[in-house]
Amino acid sequence: MIVGSGFSGLGMAIRLLEDGERDFVVLERAGEVGGTWRDNTYPGCRCDVPSHLYSFSFAPNPTWSSTFSPQPEILDYLRDVARRFGVMPHVRFHTELESADWDEGESRWRLETSQGQITADVLVCGQGPLSEPKVPDVPGIDTFQGAVFHSAAWNHDHDLDGERVAVVGTGASAIQFVPAIQPRVGRLHVFQRTPPWVMPHPNRRMTRLERALYARLPLAQLAMRAGIYWARESFVLQFRHRRLRKLATRVALRQLERQVPDPHLRQKLTPSYEMGCKRILPTDEWYPALMQPNVEVVTEAIAEVRPHSVVAADGTEREVDTIIFGTGFHVTDIPIAGVVRGRNGRRLADAWGGSPAAYKGAAVAGFPNLFFLVGPNTGLGHNSIVFMIESQVNYVADALRTMRRQGARTVEVRAEAQAAYNDELEQMTRGTVWVSGGCASYYIDRNGRNSTLWPTFTWPFRERTREFDEGAYALGAPALAAPAVSAA
Ligand SMILES: Cc1cc2nc3c(=O)[nH]c(=O)nc-3n(C[C@H](O)[C@H](O)[C@H](O)COP(=O)(O)OP(=O)(O)OC[C@H]3O[C@@H](n4cnc5c(N)ncnc54)[C@H](O)[C@@H]3O)c2cc1C
């Protein structure tokens, strides 16, 4: 059983099909595949990792229109991949996993879904690191008479033309949709808690020649992909070395100075923490949008929402017609952990106690036959998550092959292996900007631990996931039948 049909779920399904496995299903709560790229349809949405790299290595796409593709193209790409590789017949749409309980006697998962019960021998969760929108609990929000929506559930039926709009948040989504809506709205109040570090965006249109070349010579695109991969790997050094960070900081500050001549606004937009502590955002359009006469940057927190206005902490009130939350997602408080119960009925959220931890981002002691894709400590600040997903998919596929080969009914990571692995991650995180840069970010959980990011180059992760290391696991009880999924 695979949960989710984004890059993770699709990648896993394709790999199972390649391995000759047909007895699996993909649960998807929505009505189509695509994950992040199906849900985030806000104006201006595009990836911030080059498309040659932000795509499956086994399915290059020669037709990207620009070097950093817009959301509709990535969604089309994922739909196409799902169809081409034969995943669609395995997907159960409009089926949400509501809970998963490990059945000790049967050695399998009992799953409650929105469409009824299912059992599965192995559960692979690709539910997404950024799939549960987070909306702050603002007093009075329920009394608001205008439109309210989150950037991940954009209300396209609502016409923003000429409206007075409050945008809450200045993260990766807001810096994309604010420049897109600014020319249309009457007035835009951007509520900023912490300014992001912003770098120039190298996006450009792909030329006809490039596209023709990649269509005819796929190797050329693979070579480009490799070049981009290694260039981006080098970015990780700035998270570890302050001197390198200074160079990048200078580039960012130069862009800020050039694009924002007003010293008062510039001061508001200058981060007080070190670059890289939060996600670095590439855009050439953010600052020019904030410079427009119909835009105001508010650095006061929102104290209250009234039926037709937003009141800031300093008591100032702004009449607005629409409130858009660009406030991100539940990241370290992984929602699925609240409904997964392993050995002895223990909830995963309780086992984690606010600090998600796994072995190789995939397996958790006390939760047999459960694997995560983009689990704890697999996120990146510098490179493509698809690289991490493919590494993990390979690892899980090898785990399943090992189970089959050994006739094992259960596989469970040993607690000591998980602890040692996480100690190592902790060591690697020490001294990095994520924990010393003076910011609060979604990389760091409520216990102050980095439970989100893989803290170094990605190629060592690929090395570690190349083969399933069964020595770190307990393989139990002979299988009665080949691992299978069945609907009750
Ligand atoms: C706006 C935005 C831009 C981004 N840009 C980049 C970028 O440029 N580069 C980058 O590396 N990363 C980016 N990311 C991160 C992005 O989430 C990952 O790159 C990648 O898409 C994750 O794929 P996934 O399959 O793991 O998760 P998702 O794409 O989130 O897919 C998860 C799927 O699981 C389904 N699901 C969740 N819970 C359940 C359940 N209980 N039952 C059934 N189905 C369920 C969801 O409906 C969804 O379809 C971005 C994220 C966002 C939100």
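Tutor: Gladly! A term first: helices here are DSSP runs of H or I with at least four residues, numbered from the N terminus. Please keep in mind that this is a predicted model.

Student: Which residue takes a positive phi just after α12?
Tutor: Helix α12 covers residues 385-406. Just after α12, a phi of about 65° is found, and the residue that takes it is Gly407.

Student: And at the start of α12, which backbone nitrogen does a side-chain oxygen of Ser384 reach?
Tutor: The two atoms come within 3.1 Å of each other. A polar contact requires N or O atoms within 3.5 Å. The backbone nitrogen that Ser384 reaches belongs to Val386.

Student: How far apart are the end C-alpha atoms of α12?
Tutor: Helix α12 has 22 residues, and at 1.5 Å a residue it should span 32 Å.

Student: How many residues of α12 are buried?
Tutor: Buried means under 20% relative accessible area. Helix α12 is largely enclosed by the rest of the structure, because of its 22 residues the buried ones number 18.

Student: Now the ligand: how far is one of its oxygen atoms from an N or O atom in the side chain of Ser8?
Tutor: Ser8 is among the closest of the 32 residues that surround the ligand. The distance from the ligand oxygen to the Ser8 side-chain atom is 2.6 Å.

Student: How much of the ligand's accessible area does the protein cover?
Tutor: On its own, the ligand has 980 Å² of accessible area.

Definitions and conventions. Residues numbered from 1 in each chain as written. Predicted model: local features only at pLDDT ≥ 70, side-chain atom pairs only at ≥ 80, totals over all residues. Heavy atoms only, no water. Expected span 1.5 Å × (residues − 1). Buried < 20%, exposed > 50% of the residue type's maximum accessible area, 1.4 Å probe, protein only. Polar contact = N/O pair within 3.5 Å; in protein donor to acceptor, adjacent residues only side chain to side chain. Near = heavy atom within 4 Å. Areas by Shrake-Rupley, 256 points an atom, 1.4 Å probe, with all protein chains shown as cover.
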